[in-house]
Amino acid sequence: MGIENLAEKAQILIRSRLCSPNFIFKPLSDSSDSNYSKLKFIISSSIMEACNNSILLLGPRGSGKVAVLELVLSDLLEEYPDTITVIRLNGLLHSEDNSALKEIARQLCMEHHLLFSKMASFDDNSQFMIAMLRECGLAHKTVIFALDEFDLFAQGKQRLLYSLLDAMQTVTSQAVVVGVSCRLDADQLLEKRVRSRFSHRKLLFLPPSKEDVQRLLEHILSLPMDSSLACDYAAEFNEKLQSILADKRFKEIISNYLNSNSTTNHLLRFLFIAISNMELKSGFLSLENFKAALSSIQRQPKQECIKDCSILELYILVCMKRLEVREQNSYNFSSVMKEYKSVHDSFPTSDYYAQNVCLRAFEHLLQRELICFTDNRGHSQSIEFRQVKLVVSYAELQEGLKSYRSCPAILLKLIDR
């Protein structure tokens with residue numbers, strides 16, 4: 001088999017791993033101190049001891065809350081196939097109490113092969129849920145409620161949460177409520193009557209540590225030696241990968257990326273782009289693949305817009321930046337034109353245009369939202385006299401000028417002053 005075919009197979013394998021939360025989070029579940037182990041212990045203890053429980057999984061979006069929960073549930077369904085019923089709700093779909101209870105009733109009916117009534121009222125569905133919890137408890141079966149976007153259920157009258165947690169206060173019921181939210185204060189949104197029935201257990205999902213990132217990289221990117229890929233190729237691929245992971249330049253790339261996007265989900269997105277950039281002819285990953293992924297993922301839309309500006313528009317942007325550097329935060333088109341004339345007088349060039357041409361360029365920058373008016377109260381004023389400001393940062397403007405193919409050297413000098 002040729003090197004390109006082997007590389008293509010390796011690429012497909014790694015990309016499939018990146019799309020499989022179960023594969024990704026498995027190595028992080030080995031530690032007894034991991035959120036996976038803690039969550040599994042809490043739920044399995046509730047199942048074994050036939051007791052009710054509630055817990056919140058809190059952390060930023062993309063930190064793996066839902067992925068870890070699904071991993072725990074899939075493992076528990078294998079261990080206790082006949083004693084668990086999982087009910088899944090999402091606050092984006094079911095935050096309204098009537099629709100939430102109707103969905104609970106529908107899933108319970110489907111699980112226990114019962115006839116579901118679409119016409120049932122809120123009270124009917126509430127009584128049905130309470131009755132099913134009692135029956136499941138008597139049959140030593142645990143109902144696990146997974147509530148994604150939990151904070152959205154805490155809006156309004158919170159009748160669903162109250163009904164659910166209140167039903168769990170009875171001796172016969174056997175249920176676990178797992179709430180998932182990106183709001184760290186999700187439990188503080190609960191009403192007093194609901195909060196008093198909540199167990200206040202919380203698991204916090206933090207960005208992965210450097211050690212976790214290293215383990216993830218090796219786990220995801222290393223090729224298995226017992227696969228359909230040639231052993232020699234897999235061994236050489238893994239050897240080159242280890243040299244990349246140990247390279248200081250690679251560690252800087254990962255560090256730079258994680259400083260701006262530290263969640264596991266963003267890291268996986270970065271790796272997917274790097275793997276997609278792998279050169280099939282060479283057959284192996286290279287440091288350049290990760291550099292290209294970093295530049296691709298950190299691309300700034302405003303910086304891209306600067307590349308499409310005319311030379312005159314660049315002059316206007318630089319003049320506005322010079323005014324702001326001098327702490328002249330209140331200025332208009334007339335002020336910019338004075339600065340433009342001052343620059344041309346100091347550095348005479350052929351890039352000097354009449355005021356009416358500059359006004360059209362100025363209007364074009366407004367349309368592209370590289371600059372904007374400071375307020376909307378001056379509609380009756382002419383554009384030349386309305387206060388404006390830059391929307392692009394100094395770094396974006398500087399990088400945009402550097403990447404501009406035919407940028408006049410004088411502009412680079414002016415922006416660095």
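Which residues does Glu149 touch, not counting residues up to four places away in sequence? They are Arg61, Asn90, Gly91, Leu92 and Val180. The model shown is predicted.

**View 1. Five strands form an open sheet.** The strand order is E2-E3-E4-E1-E5. The pairing is parallel. E2 and E5 (201-204) stand at the edges, each with a single partner strand, so one side of each lacks a neighbour in the sheet. From one strand to the next, the twist averages 20°. Strands of a sheet pair through backbone hydrogen bonds, either parallel or antiparallel.

View 2. E3 covers residues 142-148. This strand is mostly covered, with six of its seven residues buried. E2 (residues 84-90) pairs with E3 in the parallel sense, over seven bridges. Here Arg88 stands opposite Ala146 of E3. E4 (residues 175-181) also pairs with E3 in the parallel sense, over six bridges. Phe145 stands opposite Val177 in E4. Asp148 stands opposite Val180 in E4. In a regular strand the side chains alternate between the two faces of the sheet.

View 3. H4 spans residues 65-79. The strands it lies across are E1 (53-58), E2, E3 and E4. Relative to E2, H4 runs at about 160°.

View 4. The loop lies between E3 and helix H8 (150-153). Is Glu149 buried or exposed? Glu149 counts as buried because its relative accessibility is 10%, and the cut-off for buried is under 20%. Its phi is near 55°, a positive value in a residue other than glycine. Most residues other than glycine have a negative phi. The side chain of Glu149 makes a polar contact with the side chain of Arg61, at 2.9 Å. Arg61 is also one of the residues that Glu149 touches. Val180 is another of them, and Val180 in E4 is the residue opposite Asp148.

**View 5. His200 is another residue with a positive phi.** The phi of His200 is about 65°, although His200 is not a glycine. His200 is found in the loop between helix H10 (192-195) and E5. His200 has a relative accessible area of 38%, so it is partly exposed.

View 6. H12 runs over residues 231-246. At 1.5 Å a residue, its 16 residues should span 22 Å. The end C-alpha atoms are 23 Å apart, which agrees. Which residues of H12 are buried? They are Tyr233, Ala234, Phe237, Asn238, Leu241, Ile244 and Leu245. These residues cover an arc of only 125° around the axis, so they lie on the same side of H12. On the other side of H12, Asp232, Glu239 and Ala246 are exposed. An α-helix has 3.6 residues a turn, so residues three or four places apart point the same way.

View 7. Asn238 counts as buried because its relative accessibility is 15%. Leaving aside neighbours within four places in sequence, Asn238 is in contact with Ser222, Leu223 and Met225.

**View 8. Cys305 lies in helix H16.** H16 covers residues 301-307. What does Cys305 touch, not counting residues up to four places away in sequence? Cys305 touches Arg368 and Leu370. Val357 gives another point of reference. Cys305 and Val357 are 52 residues apart in sequence. In space, C-alpha to C-alpha, Cys305 and Val357 are 20 Å apart.

Notes. Residues numbered from 1 in each chain as written. Predicted model: local features only at pLDDT ≥ 70, side-chain atom pairs only at ≥ 80, totals over all residues. Heavy atoms only, no water. Buried < 20%, exposed > 50% of the residue type's maximum accessible area, 1.4 Å probe, protein only. Helix = DSSP H or I, 4+ residues; strand = E, 2+ residues; numbered from the N terminus. Pairing = 2+ DSSP bridges. Contact = heavy atoms within 4.5 Å. Axes fitted to C-alpha atoms, helices over the stretch in contact; angles between N-to-C directions. Expected span 1.5 Å × (residues − 1). Arc of directions from axis to C-beta. Polar contact = N/O pair within 3.5 Å; in protein donor to acceptor, adjacent residues only side chain to side chain.
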